[in-house]
Amino acid sequence: MEMGLRNVGSHCSISEMDDYDLSSLLDRPKLNIERQRSFDERSLSELSIGLTKAHLDHLDSTYSPGRRSGFDTPASSTRNSFEPHPMVADAWDALRRSLVYFKGQPVGTIAAVDHASEEVLNYDQVFVRDFVPSALAFLMNGEPEIVKNFLLKTLRLQGWEKRIDRFKLGEGVMPASFKVLHDPDRKSDTLVADFGESAIGRVAPVDSGFWWIILLRAYTKSTGDHSLAETSECQKGMRLILTLCLAEGFDTFPTLLCADGCSMVDRRMGIYGYPIEIQALFFMALRCALPMLKHDAEGKECIERIVKRLHALSYHIRSYFWLDFQQLNDIYRYKTEEYSHTAVNKFNVIPDSIPEWVFDFMPMRGGYFIGNVSPARMDFRWFALGNCVAILSSLATPEQSAAIMDLIEARWEELVGEMPLKISYPALEGHDWRIVTGCDPKNTRWSYHNGGSWPVLLWLVTAACIKTGRPQIARRAIDLVEARLLKDSWPEYYDGKLGRYIGKQARKYQTWSIAGYLVAKMMLEDPSHLGMISLEEDKQMKPVLNRSSSWNC
Ligand code: GLC
């Protein structure tokens, strides 16, 4: 693997990039002056006052903040009027050391560059989900070429025939990860991909395809280069991914039925069914694909199905996954065994199945989307990724988004503690752990996927904070990360109720911990980056139900 950053040729020339630069669209000097004041005191909505409505609309449709200023210096820090944190330079060096090349071109970043670890497993591969924060960091720094290469390489992999034993997987499945094998004698590079056939547990990643679509939109928004998304290959790629999820069958819910371990939580953790992480990513991918799909014969059919699904999906999740004080109280008083259309307790959830902890955990003000909803089963656990993506995609209504942030603030010690952010809360212990995880020694209580704290989630919570106008919360989270992450060599996750201990089996120099930090810093520094990864509310998808107090607060 080549080290350091190579001069990646960009699709747009620098002068073209400047044409798209926000400085001409936004009142840049004003934004800079404003930015000299601490974000602690100011919210994005306040900052946006300097921008006219037309500016903001434009920001949503075509902006391109990426600007290049030499490859060893992050463009973001040179734009600053203040000194960047010393960790930023280390992070960029580490991120560049994780680059993976195929035939001389950068195509992704390796999951972890941990030379001390005896067990490599698959951490020497480029994971699709892990590459997302790396990609955003490169886009924000005005280096889109690697992202384009990645999108095209993974699209090729999608075209492979995928089999597990004698069973053939759907055409649209995207790999969880891939690896480049270098043969120095033959001077050739080959790709090896994993669609679940090598993965522990043999589960195909449902999230990869969604992240791919989300990244394609981020690339398009950031560069203003629509030509990539418009190619027939990308159009087909999107359609194949979505066809897998939009197929009609026995489903009575618009949510996507999944196996355990099909996403970031890629081991048995009782998230089978309709996990919020996948539902939120599904919703976001549908919304991202919608404006990118062409209105040709095949595209049109797909578009129609997307529109219908979005309506049903947002209704279902906003109504049935949402939990706040009022809703919890309603469920607590549910009648059971109701038959027919008039049933209030539609899924026949037995109130006795509500776990004790949730009654104490639920603040008077605040709420969240619970982990899973299916017949007679509500998984009341909190999952960070699904809730943040719900905010970014506007799956959450503005009131719900505000309530999620209220919950994070009210339950800071539980959800953040000393290291942002818990992947899930609370941890499963004792009998539950035995039954639900199958006695997984890696997922013991407050470790790894079972209530562990994952620094990568910092970028998602920062984006959610900016979107909801609460940058001071992100600032607090970033301060915690800056106190430890570099010193601890960028661990993959932390353990313990407060996230105080470096994870039992955590890798060091975990790339997405590094990239997540950079993305969080760059977004806070220049909130206009948010547009790459955030979607405004679609007014047509207003919730029908309005039964809880926090929706109106
Ligand atoms: C672990 C994580 C997964 C991640 C992979 C590579 O398996 O659970 O989400 O993609 O490591 O970092």
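Let me begin with a definition: two strands pair if DSSP finds at least two bridges between them, and strands themselves (E, at least two residues), like helices (H or I, at least four), are DSSP runs numbered from the N terminus. What I am showing is a predicted model, in which local features need pLDDT of at least 70 and side-chain atom pairs count only at pLDDT 80 or more, while totals for chains, interfaces and linings use all residues. Residues are numbered from 1 along each chain as its sequence is written, and side-chain values use heavy atoms, with hydrogens and water left out.

With those terms in place, let me turn to the sheet. Four strands form an open sheet in the order S8-S9-S10-S11, and the pairing is antiparallel. Strand S8 (322-324) and strand S11 (424-425) stand at the edges with a single partner strand each, so one side of each is left without a neighbour in the sheet. Further in, S9 and S10 pair in the antiparallel sense over 4 bridges, and Ser374 stands opposite Arg377 in S10. The hairpin of S9 and S10 has 2 residues between the strands, and there Ala376 takes a positive phi near 55°.

Helix H14 (residues 297-321) lies across S8, strand S9 (367-374) and S10, running at about 105° to S9. Helix H18 (residues 398-410) also packs on the sheet, touching S8, S9 and S10, and its direction makes about 105° with that of S9.

How many of the residues of S10 are buried? Taking buried as under 20% relative accessible area, exposed as over 50% and partly exposed as in between (1.4 Å probe, protein chains only), 7 of the 7 residues are buried, so S10 is largely enclosed by the rest of the structure. Arg377, Asp379, Arg381 and Phe383 point one way from the strand, and Met378, Phe380 and Trp382 the other way.

Rings of Phe, Tyr and Trp (its six-membered ring) pair if their centres lie within 6.5 Å, and planes under 30 degrees apart count as stacked, over 60 as edge-to-face and the rest as tilted. The structure holds 23 aromatic pairs. In one of them, the rings of Phe210 and Phe282 have their centres 5.5 Å apart and their planes at 25°, so the pair is stacked. Phe210 lies in helix H10 (residues 207-223) and Phe282 in helix H13, so the pair ties together parts that are 72 residues apart in sequence, and both residues are buried. The rings of Tyr332 and Phe359 also have their centres 5.5 Å apart, but with planes at 75°, so that pair is edge-to-face. Phe359, at 32% relative accessibility, counts as partly exposed. Ring pairs also link Trp357, Phe361, Tyr368, Trp382, Tyr425 and Trp446 into a cluster.

Let me finish with the interior. A nonpolar core is a set of buried Ala, Val, Leu, Ile, Met, Phe, Trp, Tyr and Cys residues joined through side-chain atoms within 4.5 Å. The largest such core has 170 residues, and those with the most contacts inside it are Trp212, Ile213, Tyr368, Leu457 and Trp459. Its largest share, 12 residues, comes from helix H13 (residues 276-292). Trp212, leaving aside its neighbours within four places in sequence, is in contact with Leu151, Thr154, Leu155, Met174, Cys234, Met238 and Ile241. Leu457 and Trp459 are among the buried residues of H21, a helix (residues 457-467) that is mostly covered, with 10 of its 11 residues buried. Just after H21, Gly469 takes a positive phi of about 75°.

For the protein as a whole, the secondary structure comes to 24 helices and 13 strands, and buried residues make up 61% of the 553 residues.

Conventions:
Contact = heavy atoms within 4.5 Å. Axes fitted to C-alpha atoms, helices over the stretch in contact; angles between N-to-C directions.
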